[in-house]
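Notebook open, ligand site first, then the pockets.

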Amino acid sequence: MNARTLKIEAARVALEHVTDGMRLGIGTGSTAEEFVRLLAEKVAAGMTIIGVPTSERTAALCRELGVPLSTLDETPELDLTIDGADEIDPDLALVKGGGGALLREKIVASASASMIVIADETKMVDTLGRFPLPIEVNPFGLKSTELAITRLAEQLGLKGPLTLRMTQGEPFVTDGGHFILDASFGRIPDPRALSTGLHAVPGVVEHGLFLGLAKAAIVAGADGVKTVHA
Ligand code: 5RP
C-alpha cells in the first residue's frame, strides 16, 4: 500500500466517528485533506455537519468541495477535531506544524471536546523529536527570540539548530502573520518541560508540541488500521 492509500484508510475510519449535526474542527495537511474529500462525499449524500478549518488552505478545499464552514467566533465550542500529525508518541503526545498551521490547529483542537489524530504508521515514534519541532514566532525580535530558545534548550539538555522556515527565498509566513523556526533538537525526553519553557519566551507565539489533546490516534499500516487510545 502506498502512503496516500494509508492516509485515506485512516481518514475513512475517522469518518466513522463523525455523526449528523457535529461541529467539527478540520485539520491541515495531506492526511487531513483526504479526510476532507471523504467528508465532502458524506455531505453531498446529506450529512449535516459544520466545519471549522484550521488553515486557509483547508478552508479553500472545503469551499471547493462544498463542506459547510463556520468560524470559532460563530461556533466557539466544537464536538470533535480530526487532524494529522508529524509525530505521535505512545501517550499520544504529538509534534505538529509541518504544514505551518500549528497555531490555528492548537486553538481549534483546544476548543473541541475531543481530538482524533489520523496518520500512517511512519508517524509513530517511541520518543518525540525525530521531526524538527516547529515553533511559531513573532517576526519582531526574531534574533532575540532565537537566542532565548537556544538558551532554554541548553538548560533542558537539548541541542540542535533552529532553522527559519523559508519558501521561495522568503521566510514562510503563517496564516497568523508569524514566522516558523524549525528546531532540530533530536529526542525530546521531557516534552512538558520544553512546552512550559517555550511558552515563557515572549516572542514565541505557539509551538508544535500537542500534549494531552489527542484522545485517540487512528494509524494505518501495512497490517491494517489500528486505533490507539490516550
Ligand atoms: C500541519 C500539520 C499536519 O497535520 C502535519 O504536518 C501532518 O501533515 P501530513 O498529513 O501532510 O503528513 O501539523 O500544520
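This is a predicted model: local features need pLDDT of at least 70, side-chain atom pairs count only at pLDDT 80 or more; totals for chains, interfaces and linings use all residues.

Numbering runs from 1 along each chain as its sequence is written, and side-chain values use heavy atoms, with hydrogens and water left out.

Next, the ligand's oxygen atoms. I found one 2.7 Å from a side-chain N or O atom of Lys123. The backbone also takes part: an N or O atom of Gly97 lies 2.8 Å from a ligand oxygen, and one of Thr28 lies 2.9 Å from a ligand oxygen. Taken alone the ligand exposes 380 Å², and the protein buries 90% of that (Shrake-Rupley, 1.4 Å probe).

Which pocket does the ligand take up? I checked, and its space is the second largest pocket (a molecule sits in a pocket if more than half of its atoms lie within 2 Å of the grid points). For pockets, the protein atoms alone go on a 1 Å grid, and a pocket is an open set of points where a 1.4 Å probe fits, with protein on both sides within 12 Å along at least five of seven lines; lining residues have an atom within 4 Å of a point.

The second largest pocket has about 170 Å³ (space filled by probe spheres set on the points). I noted 15 lining residues, with Thr28, Gly29, Ser30, Ala85 and Asp86 nearest the centre. Helix H2 (residues 30–44) gives the largest share of this lining, three residues (helices are DSSP runs of H or I, at least four residues; strands are E, at least two).

Last, the largest pocket: about 270 Å³. Val52, Pro53, Ser70, Thr71 and Arg104 are closest to its centre among 14 lining residues, which I sorted into seven nonpolar, three polar and four charged.

Key: A polar contact is a pair of N or O atoms within 3.5 Å; within protein, one must be able to donate a hydrogen and the other to accept it, and residues adjacent in sequence count only if both atoms are side-chain atoms. Ala, Val, Leu, Ile, Met, Phe, Trp, Tyr, Cys and Pro count as nonpolar, Asp, Glu, Lys and Arg as charged, and the others, Gly among them, as polar.
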